[in-house]
Structure formats: C-alpha cells, structure tokens
Amino acid sequence: MSFSQLGLRPELLRAIADSGYDTPTPVQREAIPIVLAGRDLMAGAQTGTGKTAAFVLPILQRLHASSTDVDRRAVRALILVPTRELAIQVEESVTTYGVHVPLRSVAVYGGASLPDQLRELDAGAEIVVATPGRLLDLVWRGSIDFGAVEFLVLDEADRMLDMGFIDDIRTIISLLPTERQSLLFSATFPDAIKRLTRTLLRDPATVQVTPPNSTTTLVEHVVLRVEDDQKRAALSHLVRSGRITSALVFVRTKHGADRLTGHLFRDGIRVAAIHGDRAQSQRIAALDDFKEGRVSVLVATEVAARGIDIDALPYVVNYDLPRSAEDYVHRIGRTGRAGVDGVAISLVSETELPQLRDIERLMGRPIAVEQVPGFAALAWTPSGGRRPVRGAASGSGPARNDSRRRPHEGRARAHESRQGGRPSSVPRRAGWTAIPGERTAER
Ligand code: AMP
C-alpha cells in the first residue's frame with residue numbers, strides 16, 4: 001500500500017516523499033483513514049511505530065481542507081505530549097509534513113522562555129503542541145483561547161498520566177468545545193487510561209499495532225548479570241571492547257546519571273547526559289552530540305529521555321532496571337525503530353530479579369540471563385552467595401575474550417542457574433553485536 005491510497009492530498013504526499021517515506025507503517029495505514037473520516041480514535045502504538053505522522057498528516061489535511069480565514073489563526077488543533085523534547089519533535093513533524101500547506105504551529109513547553117512562546121502564540125497558530133502544565137499557565141494568563149479547537153490529541157497518554165498530568169489534562173479537556181474530534185495514543189492501557197478514554201472519546205475506532213503491553217519484536221532483549229558495584233566497569237568494558245556502539249543508557253536517578261557519566265568520561269568514553277537538572281540548551285546540545293556521533297554514550301533518566309527521537313538507535317542499555325515493567329516497554333521503544341533491529345541490554349543485579357520477572361510476565365516470555373562477554377566479574381548465584389563466573393575471561397575488570405570458551409556456554413549456564421536445573425534448550429547464537437536478522441525476542 002502507498003500513501004496516496006490513504007486519501008491524502010498531493011501537498012502532503014509531496015512532503016512525505018521529501019521525508020523519504022514510501023510505505024505507510026501499520027499505524028499510519030490504519031489510523032489515517034479513520035481520522036480523515038472524522039472519527040475519534042484510541043490507538044495502541046508506542047514510539048517508533050510512526051504514530052506521529054499517523055495523527056499529524058490527517059489533521060493537517062482536515063484543517064487545510066476547511067481553512068477559510070488564514071488571518072484569524074485561531075488554535076484549531078491541540079496536541080498534548082508529556083515532555084518538552086516530545087513537544088519539540090512533534091512540532092517539527094508538523095512543520096515537516098505541513099511544509100506545503102499554509103498552516104502554522106507552535107510548541108509550548110515548560111523550562112523555556114515564556115515571552116518567546118507568547119510571541120509565537122500571538123503571531124497566530126492553528127496547531128499547538130504542548131505539555132499540559134505550561135499550556136495551563138498560558139490559559140490562566142489569558143494568552144490562549146480554546147474556543148475554536150476542533151482536534152485534541154493525547155500523545156503518549158500513559159506517560160502523561162505516569163507523570164502526574166491527569167488533573168491538568170482533565171482541566172484542559174473541560175475548557176475545550178464539546179464538538180471536536182479526539183485521538184488518544186498510548187503504548188500501554190492501564191486502568192487510568194481506560195477510564196480517561198471513556199470520558200474523552202466518543203464511539204472511538206481502535207487501532208492496535210503492538211500487542212497490548214508487549215514489546216516490539218524488532219528488539220532483541222539481552223540480560224547480563226552484573227552486581228551493582230560492577231556495573232560501571234562492565235558498561236565501560238562493553239563500550240571500549242566495541243561490543244556496544246552508540247547507546248542510550250538509562251539510569252534511574254539524576255544523581256546516578258551524573259555519577260555514571262563522570263565515571264565513563266574518566267574511562268575515556270565519549271559520553272553526555274540528559275536529565276531534569278540540565279538546562280534545555282544543555283539537553284539539546286547533548287542530544288545533538290549523540291545524534292552526530294560526537295559522543296557514543298548518552299546517559300539519560302527516564303523522564304528526560306521521553307520522546308527523544310533518534311533514528312536507528314542500535315542499543316538501549318538499562319543500567320538500572322526501571323521500577324515498572326511498563327517503563328521497560330517505554331525505554332526499549334527507543335531502539336528497533338522504523339524497521340531497524342535494535343538490542344536492549346539490561347544490567348541486572350540479584351536484587352533486581354523481581355523486576356526482571358515482572359518484565360518477563362508483561363512480555364509473556366522469559367529472557368535468558370547471560371554473562372557480560374569477556375568480563376570477569378563476581379555474579380550472583382541462586383543461593384545468594386557470590387562466586388566468580390565460570391566461563392568468563394580471567395583477570396579483573398575489562399578482560400580479554402576467551403576464545404577457548406564455548407560461545408554459548410554462558411547463556412546456557414546462566415539460564416540453568418535461574419531455572420535451578422540443567423541447561424534447557426536456549427537458542428544458540430554467537431553474541432549480540434553483529435548478527436543481523438536474529439531476533440531472540442521472537443522466540
Ligand atoms: P514515531 O513513532 O512517530 O516517533 O516515528 C518513528 C520514526 O519513524 C521517526 O523517525 C519517523 O521519522 C519515522 N517514520 C515515520 N513514518 C515512517 C514511514 N512511513 N516510513 C519510514 N519511516 C517513518
């Protein structure tokens with residue numbers, strides 16, 4: 001199927017072609033006709049599925065088709081997103097896809113200059129992409145009028161709820177005209193989202209492009225057993241040995257992110273960090289450095305990494321496992337995007353095993369536990385004691401690859417230790433760096 005078969009106008013098809021896309025992704029194929037037909041939509045789609053274009057394209061088309069008085073420039077579409085990074089990116093997508101249509105857009109988000117955003121709003125924009133808190137600030141100042149809003153999009157709705165935006169969202173909805181089209185995109189559907197959809201959406205069509213609460217099959221999941229005090233050395237080793245290249249590394253706390261960044265830097269790794277205590281300009285610079293390959297590791301906290309868009313990110317590393325299994329789904333949504341295979345590597349200590357089990361439950365399949373290749377470390381054992389890992393290279397810290405080791409020994413043995421029995425039939429593979437097309441996620 002091609003984009004032209006979806007009923008999009010030539011101006012939009014030209015912009016799509018400029019972006020280099022020839023085939024719509026599944027969420028685009030399903031959602032675009034629904035939105036063009038004027039129906040409310042509830043879509044289960046995570047980042048990386050092409051969901052942004054799935055709502056931006058049909059909204060642009062419908063606004064353009066009915067735009068009469070371009071001088072008036074009332075806000076006609078409101079897109080709510082959880083983070084400033086996502087606000088910037090979604091607004092960039094609106095600009096990219098709308099390059100041949102005379103519609104204006106603005107992004108409003110916290111942590112950036114209010115006067116600048118006010119000026120842009122005053123200049124007039126039909127499409128506003130906003131984080132809920134900043135948007136309400138503007139509402140209370142009387143700087144934005146919702147009277148002409150025809151479209152409401154909640155993007156990454158589950159994330160907005162996680163971040164405590166539910167009251168702001170409800171307030172915003174209460175201020176909108178009741179006659180409007182509403183679209184909700186969410187990677188997961190916890191009860192709070194289901195309740196919200198009941199009040200927000202009218203007779204919605206549903207689209208589900210990833211199985212509910214599961215992870216994309218393009219991502220290979222690797223769990224490496226490393227005790228907390230060995231994680232930093234293990235990660236350094238993985239990067240310096242070339243086992244992992246460009247990686248987004250998730251750390252739970254801002255403090256932890258800073259500490260790890262300092263350690264990696266001292267180990268000679270080109271590294272940058274993004275988290276909530278860093279200024280917007282610093283975050284943008286860090287992201288640019290990473291995208292341009294000037295740094296090979298970007299250390300990020302969960303919230304700061306939300307919505308960042310990096311094409312073809314090969315590795316996501318969970319330096320700490322996230323608190324909830326849903327967060328794991330979100331984190332690894334950063335890799336394996338737009339048809340590119342990715343690897344999600346989690347460094348898991350013994351105390352994190354219950355979280356790993358939650359993740360396995362959510363994904364509906366086990367993830368085999370492996371040793372860090374070529375890294376001699378003390379690993380946990382089922383009895384709670386620690387012993388040197390058999391089969392790993394000798395020596396302390398970053399170590400040589402032991403060619404005598406049978407390639408799959410570690411994986412099988414690790415599996416055995418968790419199962420408390422003999423090695424079971426774990427799929428065999430030689431490692432996770434250069435095996436295109438192999439996807440343990442699908443087993
Ligand atoms: P999203 O899920 O909206 O964050 O999009 C993920 C990535 O896929 C972005 O980098 C988009 O530029 C890209 N993308 C969106 N639609 C397509 C398409 N039809 N073909 C190829 N890439 C796409």
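Which backbone nitrogen does a side-chain oxygen of Ser113 reach at the start of helix 5? I looked it up: the oxygen comes to within 3.1 Å of the backbone nitrogen of Asp116.

I noted that the model is predicted, that local features need pLDDT of at least 70 and side-chain atom pairs 80 or more, and that totals for chains, interfaces and linings use all residues. Residues are numbered from 1 along each chain as its sequence is written, and side-chain values use heavy atoms, without hydrogens and water.

**Helix 5**

I took helices (H or I, at least four residues) and strands (E, at least two) as DSSP runs, numbered from the N terminus. Helix 5 covers residues 114-123, and its buried residues (under 20% relative accessible area, 1.4 Å probe, protein chains only) are Gln117, Leu118 and Leu121. Down the helix axis they fall within an arc of 105°, so they line one face. I read the arc from the directions between the helix axis and the C-beta atoms. Arg119 and Asp122, on the face turned away, are exposed (over 50%). The cover over the buried residues includes strand 3, strand 4 and helix 6. After helix 5 comes Gly124, with a positive phi near 100°.

**Aromatic pairs**

I found two aromatic pairs (ring centres within 6.5 Å; planes under 30 degrees apart are stacked, over 60 edge-to-face, the rest tilted). Phe55 and Phe185 have ring centres 5.1 Å apart and planes at 55°, so this pair is tilted. Phe55 is in helix 3 and Phe185 in strand 6, so the pair ties together parts 130 residues apart in sequence. Phe55 counts as buried at 0% relative accessibility, and Phe185 counts as buried at 0%.

Key. Contact means heavy atoms within 4.5 Å. A polar contact is a pair of N or O atoms within 3.5 Å; within protein, one must be able to donate a hydrogen and the other to accept it, and residues adjacent in sequence count only if both atoms are side-chain atoms. Rings of Phe, Tyr and Trp (its six-membered ring) pair if their centres lie within 6.5 Å; planes under 30 degrees apart count as stacked, over 60 as edge-to-face and the rest as tilted.
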